[in-house]
Amino acid sequence: MRIERRLRQPRWLIVAVPAGSLVFAFFAAGLVLYATGHNALSSYRQIIDAAFLNSGALGQTLTQATPLAFTGLAAAAAFRMRLFNIGAEGQLFMGAITADAAGLYLGGHGWPTALVIFAMVIAGCAGGAAWALIPGALRAFFKTNEIITSLMLNYVAAYVLTYLVFNTESYWRQTKGFNASVFPTSKTLPNDALWPSAMIHVRGGIALPLGAGIAVLVAFLLWFLFTRTRFGFEAQVLGDSPRAAQYAGMRTRRKILAVMGISGAVAGLGGASQVGDFAHMLDADPNGLQKQYYGYTGIVVAALARYNPLAVVVVAFLIGALQNAGNTLQGADFPSGLVGVMQGIILFSALGGELLVRYRVRVGRTMPATEAA
Amino acid sequence: MTVQSEKDRRGADGAPPPPAVEMRGIVKRFPGVLANDRVDFEAAAGEVHALLGENGAGKSTLSNILTGLYRPDAGEIFIDGEPVQFHSPRDALDARIFMVHQHFRLVETFTVAENVVLGDHRGEGRTFRLRHRAIEQRVAELSKRYGLAVDPRARVWQLSLGEQQRVEILKALYREARILILDEPTAVLTPQEADVLFETLREMAVEGRTVVFISHKLHEVKAVADRVTVLRGGRSVATVSAADATLRSLASLMVGRELDSVQPARARTAGELVLELTDVWSDGDRGDSAVRGASLVVHGGEIVAVAGVAGNGQRELAETVAGMRRATRGEILVCGKAIRAGDPRSAIAAGVAYVPEDRLGTGVAPSLSIASNLALKGYRERSSSHGPLLRIGRIRERAVELIQRYSIAAPGPGAPARLLSGGNLQKVVLAREFSGKPRLLIAASPTRGLDVGAIETVHAYLREAAADGVGVLLISEDLDEILLLADRVAVMYEGAIVGETSREEADVEEIGLLMAGGQDPRAD
């Protein structure tokens, strides 16, 4: 048996291999379910019900999927250029902080809702971008490894988030009311700063959050940017061969800064949506937003989508559905770890399947000279 | 010392001894290529046997099979008449078959002696604690006996390429190699160094070893080999005695047709000054000065060649002129205008086209499409973009047109560049560089690794560029190529231009001497 490089990658393979990997993943996860004493088919049935079919299930799935779409897009934008921004997590926190501040301040000063939301979007982008530009600048000017710097800054961002709510002097902290005296919590956004959602009246009503719409729009913008513009062309060349980019006279530093900025801005937008769409406050509970790991799961989403922004949206929806099902079903007979195991198997088989796109396995044997001649 | 096996049965019966190496009907397929197609090869003990062929003829594949790196799809190998099967390079080493690769397999931070014992699993190499003194002594003895001067205590990164090659040969001698394969060993040597190498190889053959010498240079093959096996298109076409063969007959066997060796005369008009270098200095990758006060001029319409042994600052000089490396001192004027140091875009804007030595790493973005690579520099121009937006359709149309005009063999404009062969990749680079309407063309080793057909094409394009009034700065380690193309030859040694002559006055011996750091004889 030999493994050979494929000279051509047929188009159907690019669809067939991920689909095949998914089927394989469900099969392999079925074995795990079976081994732990579950009926695989009924478990899958439960997952599908909890993710899509039950009343309110799709709304919950969208709640999970929206932040994953943002962090997935953030990772895809940077990874495409081989800038390994692992910091979407921290950039999302920073975006949440700045967007919350904008919402609290402008919403409390009687600005019209549309303008407040617009300002929150801008503030979220700015917060995330600024945070991402720290590793970006270090990489551009000092050739520091952005994987490490962006990862470390996630912890810093998490502490900043906690600090801003736990510190008594903080602008974000709720000081009035009974609850606030029991446990530190942040101010709730005024009504004028809440993001609207579109209701679709099927299966008990699905709320389509504004953030989900923005994520789809951003996905299209990124796709356009990367495939149809000079900027995208340069980013592509730089990602494939920094030497060739320099040779062609492209300004590498600027491009690194710009791409890191865009990546951070998209993650920060995820933070803004988190505040405006869902939490309506700054969630600093160490077991809350910080335990969701949206930034890290976003990397998985981007990898599964092969860094294609449009595919990110689809993958984010599916992974969001899986996570939603895991949250809903967890209990004595459905251990919460099971969904994690399934996610792991899916990722593993999808990345393993990549090999089959690029290589083919051939079975043959060495023949003596006479037979060959 | 004789290393030939004495226990051979047929030899004892009085029949002629079996060849030291025999390969019969070797077939090796790679996806899309039949690299070896029923190749037969045999070499006797005590001979220098040349393996001659163009790039892609299957020489490297065959030697990789003999050294156990590849396993043949079909065919048999006999060592001293015994059939063998190599499952790994280790098996081949155990049969005392050793290869000196074109790119040396040395650990740069180790000393010469350490490299020599590395991987040896007998004697000294096997002990837990290295007895440096004893090994160094043994290495020193070997290097003295075979005239392979190198300090056993020196660290490999401190050595020149020629010295590193000697370390590789010492490694083989230390392990008592019975069959030594050398893959294009003269590529990194000056003519004088090559002569010394040939003497060593002859001596090794006299001792009863088998030396397999891989080359595509005819005069070398003729000079050093006893017999020559010619490979063409993956097949063995002939085995001839070197003494009976002529350069012409070898060439026609190798290429399959008679080569046109007559040079078309070229009407030459020295145009205006396109490049003027005055005392240019720049740093190498290790931070030391690689270019040390180079001064040179190139006129429009002429080809100026920079000759030199690899590593004397030629690559850095090319990069400095192309703006990819910052000049620390001196002045670079292109058509009278200064280039901003270390800014490739300013060089491109001034009309500098650059065919880099490292095609795949620098000249193209390998995973991107051919169309993208053809637009790598021109994407900023009006023809390819509209403000910040790319004109995808135009870029594709242009690619189709260039693919046709330069007859690039490609599946289509959308195929990734890395799928192209070396020659076609170079055509992509040339097509792009010429379409930028340059004033100065820097070509760094533009034919390295290409086969004869592609080399002719590249040469034709360079001549054509010069005929169109472009000044061509050709950087090459191949003296034959330089003498074929250049109007003027400048020799670079240790970062400076140490001599310059016109083609008419050029003398190979003299250039070789300058390349090796000898004085310019006319300076005395």
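Predicted model: local features only at pLDDT ≥ 70, side-chain atom pairs only at ≥ 80, totals over all residues.
Residues are numbered from 1 along each chain as its sequence is written, and chains are lettered from A and ligands numbered from 1 in the order in which they are written.

Chain A has 15 helices and 4 strands. Helices (H or I, at least four residues) and strands (E, at least two) are DSSP runs, numbered from the N terminus. The C-alpha atoms of chain A fill a box of roughly 90 × 60 × 35 Å along the principal axes. Of the 373 residues in chain A, 46% are buried. A residue is buried if 20 or more other C-beta atoms lie within 10 Å of its own, exposed if 12 or fewer, and partly exposed in between, with C-beta atoms placed from the backbone. Contacts in chain A were also sorted by sequence separation: among those between residues at least 6 apart, 77% join residues at least 24 apart. Two residues are in contact if their C-beta atoms, placed from the backbone, lie within 7 Å.

Chain B has 19 helices and 22 strands. Its C-alpha atoms fill a box of roughly 80 × 50 × 50 Å along the principal axes. For 524 residues, a compact globule would have a radius of gyration near 24 Å; the 25 Å of chain B agrees. Buried residues account for 47% of chain B. Among its contacts between residues at least 6 apart in sequence, 67% join residues at least 24 apart. The domain assignment divides chain B into domain 1 (1-96 + 179-254), domain 2 (106-175), domain 3 (261-351 + 438-524) and domain 4 (364-436). These bounds come from an automatic or database domain assignment. The C-alpha centres of domain 1 and domain 4 of chain B lie 40 Å apart.

The contact between the chains takes 25 residues from chain A and 34 residues from chain B. On the side of chain A, the elements giving two or more residues are β1 (2-5), α9 (230-240), α10 (242-247) and α15 (369-372). The largest share, 6 residues, comes from α9(A). By class, this side of chain A has 12 nonpolar, 6 polar and 7 charged residues. Ala, Val, Leu, Ile, Met, Phe, Trp, Tyr, Cys and Pro count as nonpolar, Asp, Glu, Lys and Arg as charged, and the others, Gly among them, as polar.

One open sheet of chain B has 6 strands in the order β16-β19-β20-β13-β21-β22, with mixed pairing. Two strands pair if DSSP finds at least two bridges between them. β16 (352-355) and β22 (496-502) of chain B stand at the edges; each has a single partner strand, so one side of each is left without a neighbour in the sheet. Neighbouring strands are turned by 20° against each other on average, direction ignored. Axes are lines fitted to C-alpha atoms, for helices over the stretch in contact, and angles run from 0 to 180 degrees between N-to-C directions. Within this sheet, β13 (303-307) and β21 (488-493) of chain B pair in the parallel sense over 4 bridges. V304(B) stands opposite R488(B) in β21(B). Helix α11 (314-321) of chain B packs on the sheet, touching β13, β16, β19 (440-444), β20 (471-476) and β21 of chain B. The direction of α11(B) makes about 150° with that of β19(B). Helix α16 (422-435) of chain B also packs on the sheet, touching β16 and β19 of chain B, and its direction makes about 175° with that of β16(B).

A second open sheet has 4 strands in the order β12-β11-β14-β15 (chain B), with antiparallel pairing. Its edge strands are β12 (289-299) and β15 (337-338) of chain B. Antiparallel strands β11 (273-283) and β14 (327-334) of chain B are joined by 6 bridges. W281(B) stands opposite R329(B) in β14(B). Helix α11(B) packs on this sheet too, touching β11, β12 and β14 of chain B.

S282(B) lies in β11(B). This residue counts as buried because it has 25 C-beta neighbours inside 10 Å. Beyond four places in sequence, the residues that S282(B) touches include A290(B), V291(B), E316(B) and T320(B).

Notes:
Rg over C-alpha atoms; globule rule 2.2 N^0.38 Å.
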